[in-house]
Amino acid sequence: MVKRWTALAALGAVMLMLPVSAHAFEKIDSRTDFVSLIDGKALTRFGIKLDVTGQGDILGRGFGRDVTGAWQWQGNYFCRSLYWGTYDLGYNCQEVRVNGDTLRFTSDQGAGDSADLKLR
């Protein structure tokens, strides 16, 4: 009986160490699925509020500056050109994943930095 409890405790400890959130985000592969998520909602994060429209516009504010840009869906990626005030953030194609009301954008087709934004 003691061996059984020891084994269960060890299994429980291992499960707590597994990265749960890595499995919770699901990849968005189509423009249609992406638009259905963002339609009528803003993308928010501390200091940032963006409207990403189904027509391909990006408008909002980020840390006191206007954010403007345009996006299109290419293959399996959200590709955008973006300005933060007068600063050109350039063109980048990003992997998009969803978990509940959170969208995770990962630059460089999923190989770069990530940012999580809430749908509000």
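In this predicted model, Ser107 touches Asn92, Cys93, Gln94, Gly112 and Asp113, when residues up to four places away in sequence are not counted. One of those neighbours, Cys93, forms a disulfide with Cys79, and a search of the whole structure finds 1 disulfide.

- Ser107 has its place in helix α4, which covers residues 107–110, and its relative accessible area of 15% makes Ser107 buried, because buried means under 20%.

**The disulfide**

- The sulfur atoms of Cys79 and Cys93 lie 2.0 Å apart in the disulfide that these two residues form.
- The torsion about the S-S bond of Cys79 and Cys93 is about 110 degrees, and the disulfide is therefore right-handed.
- Distant parts of the chain are linked by this pair, with Cys79 in strand β6 (residues 77–84) and Cys93 in strand β7 (residues 87–99), 14 residues apart.
- Cys79 and Cys93 are both buried.

**The largest nonpolar core**

- The largest nonpolar core holds 19 residues, and of these Phe34, Trp71, Phe78 and Leu103 touch the most other members.
- At least two residues of this core come from each of α3 (31–38), β3 (48–52), β5 (65–74), β6, β7, β8 and β9.

**Helix α3**

- The buried residues in α3 include Phe34, Val35 and Ile38, and, seen down the axis of the helix, the buried residues of α3 fall within an arc of 95 degrees, so they line one face.
- Thr32 and Ser36 are exposed and are carried on the face of α3 that is turned away from its buried side.
- The cover over the buried residues of α3 includes β3, β5, β6, β7, β8 and β9.
- Gly40 follows α3 and has a positive phi, near 75 degrees.

**Aromatic pairs**

- The count of aromatic pairs comes to 7, and among them is the pair of Phe78 and Phe105, which is edge-to-face with 5.3 Å from centre to centre and 65 degrees between the planes.
- This pair links distant parts of the chain, since Phe78 is in strand β6 and Phe105 in strand β8, 27 residues apart.

**Salt bridges**

- A search of the whole structure finds 5 salt bridges, including one in which the side chains of Lys27 and Asp29 meet at 3.0 Å, N to O.
- Lys27 counts as partly exposed at 28% relative accessibility, and Asp29 is likewise partly exposed, with a relative accessible area of 39%.
- Glu95 forms a salt bridge with Arg97, and the closest N and O atoms of the two are 3.1 Å apart; Glu95 counts as buried at 13% relative accessibility, whereas Arg97 is partly exposed, with a relative accessible area of 26%.
- Asp101 forms a salt bridge with Lys118, where the closest N and O atoms are 3.5 Å apart. Because Asp101 lies in the loop between β7 and β8 (102–106) and Lys118 in strand β9 (residues 114–119), this pair ties together parts that are 17 residues apart in sequence.
- Asp101 is partly exposed, with a relative accessible area of 34%, and Lys118 is partly exposed, with a relative accessible area of 31%.

**Trp84**

- Trp84 is found in strand β6 and is partly exposed, with a relative accessible area of 28%.
- The C-alpha atoms of Trp84 and Arg65 are separated by 6.4 Å, although the two residues are 19 residues apart along the chain.
- Arg65 is also one of the residues that Trp84 touches, and the others are Gly62, Phe63, Asp66, Val67 and Leu89, when residues up to four places away in sequence are not counted.

Note on methods:
Residues numbered from 1 in each chain as written. Predicted model: local features only at pLDDT ≥ 70, side-chain atom pairs only at ≥ 80, totals over all residues. Heavy atoms only, no water. Disulfide = S-S within 2.5 Å. Helix = DSSP H or I, 4+ residues; strand = E, 2+ residues; numbered from the N terminus. Buried < 20%, exposed > 50% of the residue type's maximum accessible area, 1.4 Å probe, protein only. Salt bridge = Lys/Arg side-chain N within 4 Å of Asp/Glu carboxyl O. Core = buried A, V, L, I, M, F, W, Y, C linked by side-chain atoms within 4.5 Å. Contact = heavy atoms within 4.5 Å. Arc of directions from axis to C-beta. Phe/Tyr/Trp six-rings, centres within 6.5 Å; stacked < 30°, edge-to-face > 60°.
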